[in-house]
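Student: Could we go through this structure together, one piece at a time? I'd like to see how each answer is reached.

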Amino acid sequence: MNARILIVEDETGLATTLKDRLRKQGYAVGVAQDGNSGMDMAMREPFDLLILDLMLPGQNGLAICQKLRQLGSNTPILMLTARRQTMDKVIGLRTGADDYLTKPFKMVELLARVDALLRRAGPGKSTGPVRYQCGDLQIDIRSTEVTREGRPVALAAKEFQLLRYFVEHRGATLSRDELLREVWGYGGQPSTRTVDVHVAWLRQKIEPDPKNPQLILTVVGLGYKFAGEPKG
Ligand code: CA
C-alpha cells in the first residue's frame, strides 16, 4: 500500500506544489491549511508521515506535534520552518519532530527526507493517537480498553465504537443521524432512538453521575457533544 502523507501548510502555493509532487511519487496525500483542521485530520485518519509547517493559523506546528506525541502517535513528523525561525527552539522544546527543513528548500531535498523517514519508520508501523485521557476516563483505542479512575469499564462493542467516535470528535455537536451513519453504518433505517439508548447506557458506565452528565452532553434539538477535555 502506498504511504499516506498529511501536509499541514497554510501557504496555498507550497501546499499545492508539495501535494502534486508527492502524488507523482505515488504517495496518497492529504492537505490541511490550518493547525486545527490539521490536528483533526491527524487524529481521524491514519497517516504514515506528517509534513508540518511550524507557523500556522490556529494551533501551530509545535503544539500539534506535542499533542500527537502525548496521545501516543509515533507517526514520523517532518517540520517545515521559515528561515528566520531558529530550529534550536523547536528542537530545544523537544517536540517529538523527527526531522526538519528550512524554507525555501529544494523539492529533491524534501523527497529525500520523506523517503528516509518512511524507511526508518518501516511500512505500517506508524500509528495515530491510541490513548485518550478525559478526566478520570482513559480510552485505549488499540486495545479497546476503557478505565475510569484506573478501574476497567466493560463496554459492549457498539458502546465502545460510539465512545470512540465521541472522543475522536470531541467538542463537535454530533447529530443522531451522523452517529447512526458513522457508528452503526445504516442510513436512518432503525430509529435514531437507537442512539439515545446507547448514549444512556454509555452514560451509566462512564459518567460519575449519569443523571448529570459531564462527558456526553445533550445538545437540545441537535444531538450530542463529547465535552471531555483531553489530558496528555
Ligand atoms: Ca506557515
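Tutor: Let's start with Thr144, which is partly exposed because its relative accessible area is 46%; buried means under 20%, exposed over 50% and partly exposed in between, with a 1.4 Å probe and protein chains only. This is a predicted model, where local features need pLDDT of at least 70, side-chain atom pairs count only at pLDDT 80 or more, and totals for chains, interfaces and linings use all residues. Residues are numbered from 1 along each chain as its sequence is written, and side-chain values use heavy atoms, leaving out hydrogens and water.

Student: What is phi of Thr144 near?

Tutor: Most residues other than glycine have a negative phi. Thr144 sits in the loop between strands E7 (137-140) and E8 (145-148); strands (E, at least two residues) and helices (H or I, at least four) are DSSP runs, numbered from the N terminus. Thr144 isn't a glycine, yet its phi is positive, near 55°.

Student: Is Asp53 buried or exposed?

Tutor: Asp53 lies in strand E3 (residues 49-53) and Asp10 in the loop between strand E1 (4-8) and helix H1 (12-24), so the pair ties together parts 43 residues apart in sequence. Asp10 is partly exposed at 29%. With 3% relative accessibility, Asp53 counts as buried.
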